[in-house]
Amino acid sequence: MRVFRHFRLHEEDGAAAAVYSVSLNPDGSLLATCGGDKLVRLWSTQLFKSNDDEPAKHLVQSLSKHVKVVTCCAWSSNGSWLASGSDDTQVLLWTNTGASWTRQATLRGHTMDVLDVAWGDDDKVLASCSIDNTVLIWDVSTKSMTMTPKTTLRGHKNWVKGVAWDPTGRFLASAGEDRRVLVWRRDKNASSEFRVEADIRAPFEDVTAQTFFQRLSWAPDGRSLGVPNARKALQATACVLARGKWESVADLVGHRHPVTVVRFSPVLFHGEDDEDQPRSVVAIGGQDATVSVWTSARAKPLVVFRDCFGGAVSDLAWSRNGSLLCASSHDGSTCTFEFDVERDLGKRLSSSDARAHLDAAFAVEGGSNGLSLPNPAEITQQKKEPPKKKRIAPAPVAAPRVNVLKAKKKRIQPTPVGAPMAAAASPPVSPPRPRPVAA
C-alpha cells in the first residue's frame, strides 16, 4: 500500500482551513471536499495518487453557494448528484450541467447547523441531521429548486451528529450527542412513515468526551452497523451492532481518544475458508489523529496509520472498488491510502455475488441476527473456557509491504498487525469552531 498526504486544500485568510468531509464519486474520478472556507471543492483523484505539491492544478471546480462553514458532502450512488450541508442550515444539491457543476436545489427545513447527509440506495431520498435535534427526510426525486422536508424525525434529545441508510433502504440509523443511536424503520407501504425500531444506549453510557461528528456506517451486506464514540472498560471504541438484535457484537479497541468516524468499504470479500461468510472491511478514525483498518475475520486491525494528522480525523471515504481510502482532518489536510486490494485486503466478491448475498439474507426481514465480529474480550475468555462450538483460529498475517512516503512536516507510520497502538500524550488540537446553543 502507499500513503499520500496533501495540505491546504481549503484556505481562509491565508491559513489552512479545516477539511470537514470527503466523498469519492462512484467512478473514482472525483473527490469532493468541504470545509471551514465555506466551499465545496471537486478534485481530480489523480492528485491523491501522487505527492504533487501543487494541488491547485488538480482542482476541477469550487462550489461557493454556502454562506457558512460546510460540514458534510456525499455523492449519490449514480454519481450524478452531490449533496452538501452547512452551518447555514441548508442542504444543497449539485449536478453537472455539461459545462460545470451547479446548484440544482436548495433544501430548507433545519433551523441550525447541518452535520451529516446520507443518500438512500435508490437516490430518490436523502436524510440530513442537525444540531436542532432532528433528522429530516427529503424526497429528492423531483429535484425542485426549493424543497421542504417530507418527514421530520424527532427522537433525539440533543444534537444529531450522523446518519446512515442500510443497503436495503429499510432502516435509517442516527447517532446523537444524547449518547443514543436510533434505528428507524421505514414503512414498506408508506415511504414517508418511520418508527423507532431500536433505541441503543448501552455502548455509549460511559461516554464522557464529545466529538464534532459521529459518522456511522453499515456493512455492505447490511448485517452490521458500525458506530463511533463508544466506550468500554474505560477505553474509547467503535462498536459493531448486529442487525435484528441491535446488540454490540464487537468493540474495535485501540484508539486512545474518541473515535469520530466509522466507514465500511463498499466491497465484500471472500471468507478465509470456503464455508465462511463473506468478510467486510472497515476503517475508523479518531481524535488521536489515527486511522485503523479492520476486517470482520480478525480481532486485531489489519493496519494502523499513526500520526496521520495534527488534528482529529473528521471523515473517511472509500472508492467503490475498495482500493482507495481517503481521510480528512481538522488540521486542513487529507491522507489517501492506496491498497493493492488482493494482496492487502483479500479476494473481492463480485458485485453480482454480493448483491445475491444481500438479497438472500434479507428477502424476509428479521431472518438474521446479524454478522458477529470477533470480540477481543471474548477471545481472551475462550483461552480459559472451552468453546461450545468449533472455532477456526485466524491464520497469522504477514506485515503488509508498505511504501511509506514522507510528508512535508512529519512521517506517517503504518503499523502492521500485532503491534500495539501507542497512547498519545494528549489529543491533537483541533481548531475551535463556533457553535450556536441548541434549543
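# Cores, rings and charge pairs

Visitor: Which residues in the largest nonpolar core touch the most other members?
Guide: Residues are numbered from 1 along each chain as its sequence is written, and side-chain values use heavy atoms, leaving out hydrogens and water. A nonpolar core is a set of buried Ala, Val, Leu, Ile, Met, Phe, Trp, Tyr and Cys residues joined through side-chain atoms within 4.5 Å, where buried means under 20% relative accessible area, exposed over 50% and partly exposed in between (1.4 Å probe, protein chains only). Of the 25 residues in the largest one, those that touch the most other members are Val 291, Val 293, Phe 305, Leu 325 and Phe 337.

Visitor: Which strands each supply at least two residues of this core?
Guide: Strands (E, at least two residues) and helices (H or I, at least four) are DSSP runs numbered from the N terminus. Those that each supply at least two residues of the core are E25 (259-269), E26 (279-286), E27 (291-295), E28 (303-306), E29 (313-318), E30 (324-329) and E31.

Visitor: How many residues does the second, separate core have?
Guide: This core includes Ala 198, Leu 225, Ala 230 and Cys 239. Its membership comes to 18 residues.

Visitor: How many aromatic pairs does a search of the whole structure find?
Guide: Rings of Phe, Tyr and Trp (its six-membered ring) pair if their centres lie within 6.5 Å; planes under 30 degrees apart count as stacked, over 60 as edge-to-face and the rest as tilted. With that rule, the search of the whole structure gives 8.

Visitor: What is the angle between the planes of Phe 171 and Trp 246?
Guide: These rings are 5.2 Å apart, centre to centre. The pair is edge-to-face, with an angle between the planes of 85°.

Visitor: How many residues apart in sequence are the parts that this pair ties together?
Guide: Phe 171 counts as buried at 1% relative accessibility, and Trp 246 is buried too, at 9%. Phe 171 lies in strand E18 and Trp 246 in the loop between strands E23 (235-242) and E24 (248-253), so the pair ties together parts whose separation in sequence, in residues, is 75.

Visitor: What is the centre-to-centre distance of the pair Trp 318 and Phe 339?
Guide: Trp 318 is buried, at 8% relative accessible area, and so is Phe 339, at 5%. The pair is stacked, with 25° between the planes and a centre-to-centre distance of 5.9 Å.

Visitor: Which residue has its charged end over the ring of Phe 213?
Guide: Phe 213 forms one aromatic cluster with Tyr 20 and Phe 212. A charge sits over a ring if NZ of Lys or CZ of Arg is within 6 Å of the ring centre and within 35 degrees of the ring normal. Here the charged end, 3.8 Å from the ring centre, belongs to Arg 215.

Visitor: Which residue forms a salt bridge with Arg 215?
Guide: A salt bridge is a side-chain nitrogen of Lys or Arg within 4 Å of a carboxyl oxygen of Asp or Glu. For Arg 215, the closest N and O atoms are 3.9 Å apart, and the partner is Asp 116.

Visitor: How many residues apart in sequence are the parts that this pair ties together?
Guide: Arg 215 is buried, and so is Asp 116. Arg 215 lies in the loop between strands E20 (194-200) and E21 (217-218), and Asp 116 in strand E12 (residues 114-119), so the parts tied together have a separation, in residues, of 99.

Visitor: How far apart are the closest N and O atoms of Glu 338 and Arg 2?
Guide: Glu 338 counts as buried at 19% relative accessibility, whereas Arg 2 counts as partly exposed at 35%. They form a salt bridge, and the distance between the closest N and O atoms is 2.5 Å.

Visitor: Over which residues is the pLDDT below 50?
Guide: The chain averages a pLDDT of 83, and 81% of the residues score at least 70. Where pLDDT is low, the predicted coordinates should not be read in detail. The stretches with pLDDT below 50 include residues 366-412 and residues 416-426.

Note on methods:
Predicted model: local features only at pLDDT ≥ 70, side-chain atom pairs only at ≥ 80, totals over all residues. pLDDT = per-residue confidence, 0-100. Contact = heavy atoms within 4.5 Å.
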